Amino acid sequence: MLNIGTDAPEFKCINQKGKTIQLSDFVGKKIVVLYFYPKDFTPGCTAQACSFRDEYEQFMEYGAEVIGISADSEESHKKFAGNYSLPFHLCSDRDGTIRKSYKVPVGFLSIFFSRITYIIGLDGKIAWAYKSNLAPASHVSEALKIVEELQLRNFQ
């Protein structure tokens, strides 16, 4: 995993709506919750995505944007987001470029990403990193605490 305090690598991807987004779109404007997950429609990934959905308004209130990344296609992300009313960005990393730049190892069966969440501060640096393959919903509650702390620091 990347170390806290290091510059977050720039990335560019296409979300489930066909829109190109990149990290530089958010740096200096929003805290970024960047979460890597193994696969659309699997039980753990669905639970994690729905937990982010359920807390999305809270993340927004704290000035954060949520971006989920997996190797699934943009079409899969579109269906996944539609089926579960996911309001945040889901991006495809078919060739693993983003995963590699964020040091996210390949997990189960050597085909799925490990489950890692990074929080990138307004300064574009890694503010927090969390890995838990077995407790997908914990990523959301832990990230929300950190985003709240960062937002409070930004206004002090």
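Thr46 touches Phe41, Phe80 and Tyr84, leaving aside residues up to four places away in sequence; a contact here means heavy atoms within 4.5 Å. Before following these neighbours, a word on what you are looking at. This is a predicted model, in which local features need pLDDT of at least 70 and side-chain atom pairs count only at pLDDT 80 or more, while totals for chains, interfaces and linings use all residues. Residues are numbered from 1 along each chain as its sequence is written, and side-chain values use heavy atoms, with hydrogens and water left out.

Back to Thr46, then, which sits in helix α1. Its relative accessibility is 11%, so Thr46 counts as buried; buried means under 20% relative accessible area, exposed over 50%, and partly exposed in between, using a 1.4 Å probe and protein chains only. One of the contacts of Thr46 is Phe41, found in the loop between β3 (31-36) and α1. Phe41 counts as partly exposed, at 36% relative accessibility. Its backbone also deserves a look: phi of Phe41 is positive, about 70°, although the residue is not a glycine.

Phe80, another contact of Thr46, takes us to helix α2 (residues 74-84), where Ser76, His77, Phe80 and Ala81 are buried. Seen down the axis of α2, these buried residues fall within an arc of 130°, so they line one face of the helix; the arc is that of the directions from the helix axis to the C-beta atoms. An α-helix has 3.6 residues a turn, so residues three or four places apart point the same way. What do the buried residues of α2 pack against? Their partners are α1 (43-61), β4 (64-70) and β5 (89-92). On the face turned away from the buried side, α2 carries the exposed residues Lys78, Gly82 and Asn83. Just after the helix, Ser85 takes a positive phi of about 50°.

Not counting residues up to four places away in sequence, Asn15 touches Ile21, Glu74, His89, Leu90 and Cys91. Further along, Lys103 is in the loop between α3 (97-101) and β6 (116-120). Lys103 is a residue other than glycine with a positive phi, near 55°.

Now step back to the whole chain. It has four helices and seven strands, in the order β-β-β-α-β-α-β-α-β-β-α from the N terminus on. Helices (H or I, at least four residues) and strands (E, at least two) are DSSP runs, numbered from the N terminus. Among contacts between residues at least 6 apart in sequence, 64% join residues at least 24 apart.

The C-alpha trace spans about 45 × 30 × 30 Å along its principal axes. Of the 156 residues, 49% count as buried. The accessible surface comes to about 7,500 Å², of which 52% belongs to carbon and sulfur atoms, with areas from the Shrake-Rupley method and a 1.4 Å probe; for residues, only the protein chains shown count as cover.
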